[in-house]
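Student: I would like to go through a model feature by feature. Can you give the general idea each time and then the case at hand?

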Amino acid sequence: AEANGIRWDAALEWIRSQGPWDDAALRQAAVLQAAGGAEDVAGSGVPDYYRRPFHAYETGNLNWEAAFEQELASRAVGARNFPEYGERGEEAFRG
């Protein structure tokens with residue numbers, strides 16, 4: 001990502017610094033999952049695939065780390081797939 005112009009480390013540090021982040025909702029979702037419940041704290045339902053291992057996230061993509069990195073990962077994929085646009089590759093893809 002950094003090699004393609006995405007300032008991953010700096011952006012991730014900034015995102016993390018915007019906390020404190022409340023883990024209560026994530027903990028409650030984990031408790032519901034362990035009890036066999038399929039709904040999140042809002043009752044809208046959390047798909048099973050959100051709780052499966054996903055790339056580097058052992059607990060799936062229903063966690064803060066995945067949330068922090070989502071936009072950065074999307075930008076990195078755009079930069080990789082549209083190298084002529086560099087860090088604006090995602091915009092070229094979605095544009």
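The dialogue below goes from the overall fold to single residues.

Student: What kind of model is this, and which secondary structure elements does the chain have?

Tutor: The model is predicted. Its chain has four helices and zero strands, and from the N terminus the order of elements is α-α-α-α.

Student: How much of the chain is buried, and what is the accessible surface made of?

Tutor: Of the 95 residues, 23% count as buried. The accessible surface comes to about 6800 Å², and 52% of that belongs to carbon and sulfur atoms. As for sequence separation, take the contacts between residues at least 6 apart in sequence: 38% of these join residues at least 24 apart.

Student: How do I read the sides of a helix? Take helix 1, and tell me which residues are buried there.

Tutor: The general idea is the helical repeat: an α-helix has 3.6 residues a turn, so residues three or four places apart point the same way. In helix 1, residues 8-17, the buried residues are Trp8, Leu12 and Ile15. Viewed down the axis of helix 1, the buried residues fall within an arc of 60°, so they line one face of the helix.

Student: Which exposed residues are on the face turned away from the buried side, and what do the buried residues pack against?

Tutor: Asp9, Glu13 and Trp14 are the exposed residues on the face of helix 1 turned away from its buried side. The buried residues of helix 1 pack against helix 3.

Student: Which residues make up the largest nonpolar core?

Tutor: That core has eight residues: Ile6, Trp8, Leu12, Ile15, Phe68, Leu72, Ala76 and Ala79. Helix 1 and helix 3 are the elements that give two or more residues to this core. The largest share, four residues, comes from helix 3. Take Ala76 as a case: neighbours within four places in sequence aside, Ala76 is in contact with Ala1, Ile6 and Trp8.

Student: Is Ser74 buried or exposed, and what does it contact?

Tutor: Ser74 sits in helix 3, residues 64-81. A residue counts as buried under 20% relative accessible area. Ser74 has 14%, so this residue is buried. Beyond neighbours within four places in sequence, Ser74 is in contact with Glu90 and Arg94.

Student: What about Glu91: where does it lie, and how far is it from Gly78 in space?

Tutor: Glu91 lies in helix 4, residues 89-94, and is partly exposed at 47% relative accessible area. Glu91 and Gly78 are 13 residues apart in sequence, and their C-alpha atoms are 7.5 Å apart in space.

Student: How do I read an aromatic pair, and how many does the structure hold?

Tutor: Look at the distance between ring centres and the angle between planes; planes over 60 degrees apart count as edge-to-face. The structure holds five aromatic pairs. In the pair Phe82 and Tyr85, the ring centres are 6.5 Å apart and the planes stand at 65°, so the pair is edge-to-face. Phe82 is partly exposed at 24% relative accessible area, and Tyr85 is partly exposed at 46%. Elsewhere, Trp21, Trp64 and Phe68 form one aromatic cluster.

Student: Where is the cis peptide bond?

Tutor: In general, most peptide bonds are trans. Here a cis peptide bond joins Gly19 and Pro20, with omega about 20°. Pro20 lies in the loop between helix 1 and helix 2.

Note on methods. Residues are numbered from 1 along each chain as its sequence is written. This is a predicted model: local features need pLDDT of at least 70, side-chain atom pairs count only at pLDDT 80 or more; totals for chains, interfaces and linings use all residues. Side-chain values use heavy atoms; hydrogens and water are left out. Buried means under 20% relative accessible area, exposed over 50%, partly exposed in between (1.4 Å probe, protein chains only). Contact means heavy atoms within 4.5 Å. The arc is that of the directions from the helix axis to the C-beta atoms. A nonpolar core is a set of buried Ala, Val, Leu, Ile, Met, Phe, Trp, Tyr and Cys residues joined through side-chain atoms within 4.5 Å. Accessible areas come from the Shrake-Rupley method with a 1.4 Å probe; for residues, only the protein chains shown count as cover. Rings of Phe, Tyr and Trp (its six-membered ring) pair if their centres lie within 6.5 Å; planes under 30 degrees apart count as stacked, over 60 as edge-to-face and the rest as tilted.
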